[in-house]
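I opened my notebook for another look at a model, and you are welcome to read along. Here it is, before my entries start.

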Amino acid sequence: MTTSAYTPQPAPVQPRNGMGTAALVLGILGLLLAWIPIIGFIGFVLGALAIVLGIIGIVRARKGRATNLVVAAIGTGLGVVAFILSTVVFGLFATAVNEQINTPGSVIGTGITQGDQAAPTVIAFGQGHTWSGGETVTVSTPREFTPDNQFLQAPSGKRFVSVDVAVKNGTSQPYQVMMAQLTAQHAGRVAQENFTAGDPLPNTEIPPGGEVTFTKVWEVDQQPGELQVSVKPNPIAGQTVFFKGQF
């Protein structure tokens with residue numbers, strides 16, 4: 001009588017998805033940090049790591065060793081964006097520092113002109129303000145914003161507000177609009193910017209004497225309250241102007 005030997009089945013090979021997942025996480029973190037001028041170099045590093053890990057994840061997926069090809073590809077793409085964005089922001093920041101230092105009447109080493117050391121200025125929406133460097137910014141009267149896409153509507157108890165921001169370059173040098181720093185508060189709470197609407201990254205350069213307008217959209221409470229938008233023409237400007245009004 002012949003007894004057949006039992007042959008154990010090989011254990012299934014687990015997909016090696018770690019690299020693709022790590023690339024996605026690093027890409028997201030890098031993109032979030034790349035916007036911040038001073039610590040944006042972290043976004044540069046994280047973006048580079050996301051690119052390397054994402055490529056490894058894509059190679060593994062194409063060889064059948066991983067199952068998250070899409071995740072790895074998205075992580076790689078976000079890494080590229082974070083890498084480029086952090087480079088651009090750092091370059092713009094360095095340019096702004098150089099211009100502030102070389103501005104007549106500036107306090108060397110601080111990037112603050114003597115005319116900008118006054119207390120913060122508060123003005124109403126629809127008005128404009130000119131900084132000592134020559135930049136003029138006007139923020140329009142707030143208006144309600146309703147997205148066309150039903151899936152991008154404001155959450156329950158929230159609504160969207162939009163303003164038009166007009167920037168005029170009164171300096172003798174080209175001015176990069178992306179250097180303008182804007183934040184918003186509503187009813188004493190931080191208003192989150194809606195990055196799917198308006199112009200979240202107004203990347204354009206204005207020649208001396210030129211002017212351009214872009215739109216910003218924020219999420220605020222449904223109940224009326226005081227809306228406050230703060231504006232600085234660049235990250236190191238010494239004076240912040242607050243546009244205030246009810247919305």
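In which sense do strand β3 and strand β15 pair, and over how many bridges? I looked this up in what is a predicted model. The two strands, residues 121-124 for β3 and 241-246 for β15, run parallel, and four bridges connect them.

Next I followed β15 to strand β14 (residues 226-232). Here the pairing is antiparallel, with six bridges. V231 has V241 of β15 opposite it. I also checked how covered β14 is, and found six of its seven residues buried.

From β14 I moved to β9, and counted six bridges in an antiparallel arrangement. Q181 sits opposite K232 of β14 in this pairing. Strand β9 covers residues 181-186 and is joined to β10 by two bridges, again antiparallel. For H186 I found the bridge partner R189 in β10.

**Entry: the whole sheet**

Putting the pairings together, I get an open sheet of five strands, ordered β3-β15-β14-β9-β10, with mixed pairing. Which strands stand at the edges? They are β3 and β10 (189-190); each has a single partner strand, so one side of each has no neighbour in the sheet. A reminder to myself: strands in a sheet pair by backbone hydrogen bonds, in a parallel or an antiparallel way.

**Entry: T76**

I then turned to helix α3 (residues 69-101), where T76 is found. Is T76 buried or exposed? Its relative accessible area is 12%, and the cut-off for buried is under 20%, so T76 counts as buried. I wanted to know what its side chain reaches, and the backbone oxygen of A72 turned up at 2.8 Å. Leaving aside residues up to four places away in sequence, T76 touches A50, I51, G54, I55 and I58.

**Entry: V45 and a nonpolar patch**

Helix α2 spans residues 40-62, and V45 lies in it. With a relative accessible area of 44%, V45 is partly exposed. Which residues make the nonpolar surface patch of about 1000 Å²? V45 is one of them, and I wrote down the others as W35, I36, I38, I39, F41, I42, F44, L49, F195 and L201.

Conventions
Residues are numbered from 1 along each chain as its sequence is written. This is a predicted model: local features need pLDDT of at least 70, side-chain atom pairs count only at pLDDT 80 or more; totals for chains, interfaces and linings use all residues. Side-chain values use heavy atoms; hydrogens and water are left out. Buried means under 20% relative accessible area, exposed over 50%, partly exposed in between (1.4 Å probe, protein chains only). A polar contact is a pair of N or O atoms within 3.5 Å; within protein, one must be able to donate a hydrogen and the other to accept it, and residues adjacent in sequence count only if both atoms are side-chain atoms. Contact means heavy atoms within 4.5 Å. Patches are made of residues with over 30% relative accessible area and no salt bridge: like charges are joined within 9 Å, nonpolar side chains (Val, Leu, Ile, Met, Phe, Trp, Tyr) within 5 Å. Accessible areas come from the Shrake-Rupley method with a 1.4 Å probe; for residues, only the protein chains shown count as cover. A salt bridge is a side-chain nitrogen of Lys or Arg within 4 Å of a carboxyl oxygen of Asp or Glu. Two strands pair if DSSP finds at least two bridges between them.
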